[in-house]
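The sequence and structure are shown first.

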Amino acid sequence: MQKLVLFDVDGTLLNTLGAGRAAMVTSMRSVYGETGPVDDYDFHGKTDPAIVRGLLRAAGCTDGRIESGFEQLWRLYYLELEKELAARDGRVFVYAGVRELLEWVSRDQRFVAGLVTGNMEPGAWQKLRACGLEGRFRFGAFGSDSERREDLPPLAADRAAEILGRPFRLEDAVVVGDTPADIHCARANSARVLAVATGRHTLNDLAGHGPDALVADLADTDLIVRFLGDG
């Protein structure tokens, strides 16, 4: 049976130099008139809706007010994100080894690559396109599907099954991510996890959460493919 390899986006595959954060701040100010404690808030590992909810709750907003603005917020966010990505004028980038690993996985019949990311789905595709990774993924699960990251791997598996016409077991899947939240998400679904220290968290930070494997980056394709094929 083929194994799912489920990649996070920001901090794992690519770096947009803060485009998503900037777009969210602008959009929140426009829709809600405030952002909450954005300068002190940790965005990493959270879904986009959970980030907005956490910030606005801290500013005293009720869930009702927050949710009433979501439709307008996300519509504006996608427009602002496109502007922010364009303003970086090609400086957004993928991390070392990402292109080579995705190419290998696409050719290796043992694996199927997908996404598990806290990004809203349109935002995820925008970021991938800006970094030249469009077409690498046919399915995924996103922050627009659920605010709870641990809900996402089963959705990704269901979508893979629908597209490819065969079932996938999460026990055979590997989540690849750069935050403790990615590790916990995998554990909640009995999946293995490869943690990569290309985001904000150091190797020591990630090691304390017990990933199955831990690397500084994705540059050693042979090593990573051997890990993906184990288990």
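## Basis of the model

The model is predicted: local features need pLDDT of at least 70 and side-chain atom pairs count only at pLDDT 80 or more, while totals for chains, interfaces and linings use all residues. Residues are numbered from 1 along each chain as its sequence is written, and side-chain values use heavy atoms, without hydrogens and water.

## Helices α1 and α4

Helix α1 spans residues 19-32 and helix α4 residues 70-87; their axes are 8 Å apart and form an angle of about 140°. Axes are lines fitted to C-alpha atoms, for helices over the stretch in contact, with angles from 0 to 180 degrees between N-to-C directions. Helices are DSSP runs of H or I with at least four residues, and strands are runs of E with at least two, numbered from the N terminus. The pair α1 and α4 is therefore oblique (under 35 degrees is roughly parallel, over 145 roughly antiparallel, 65 to 115 roughly perpendicular, and the rest oblique). The crossing of α1 and α4 is right-handed, meaning that the near helix is turned clockwise from the far one by less than a right angle.

The contact (heavy atoms within 4.5 Å) involves residues of α1 including Ala19, Met24, Met28 and Tyr32, and residues of α4 including Phe70, Trp74, Tyr77 and Leu81. By class, the contact of α1 with α4 comprises 14 nonpolar, 5 polar and 2 charged residues. Here Ala, Val, Leu, Ile, Met, Phe, Trp, Tyr, Cys and Pro count as nonpolar, Asp, Glu, Lys and Arg as charged, and the others, Gly among them, as polar.

## Helices α1 and α2

Helix α2 (residues 48-58) packs against α1 at an angle of about 55°, with the axes 12 Å apart. That angle makes α1 oblique to α2, and their crossing is right-handed. Met24, Met28 and Tyr32 of α1 meet Asp48, Ile51, Val52, Leu55 and Leu56 of α2. This contact of α1 with α2 has 7 nonpolar, no polar and 1 charged residues.

## Two loop threonines

Thr117 lies in the loop between β4 (111-116) and α6 (121-130). Thr117 is buried, its relative accessible area being 0% (buried is under 20%, exposed over 50%, partly exposed in between, with a 1.4 Å probe and protein chains only). Beyond four places in sequence, Thr117 touches residues including Asp8, Phe142 and Arg149.

Thr198 occupies the loop between β7 (192-196) and α9 (203-207). Thr198 is also buried, at 16% relative accessible area. Apart from neighbours within four places in sequence, Thr198 contacts Gly11, Thr12, Tyr95, Ala216 and Asp217.
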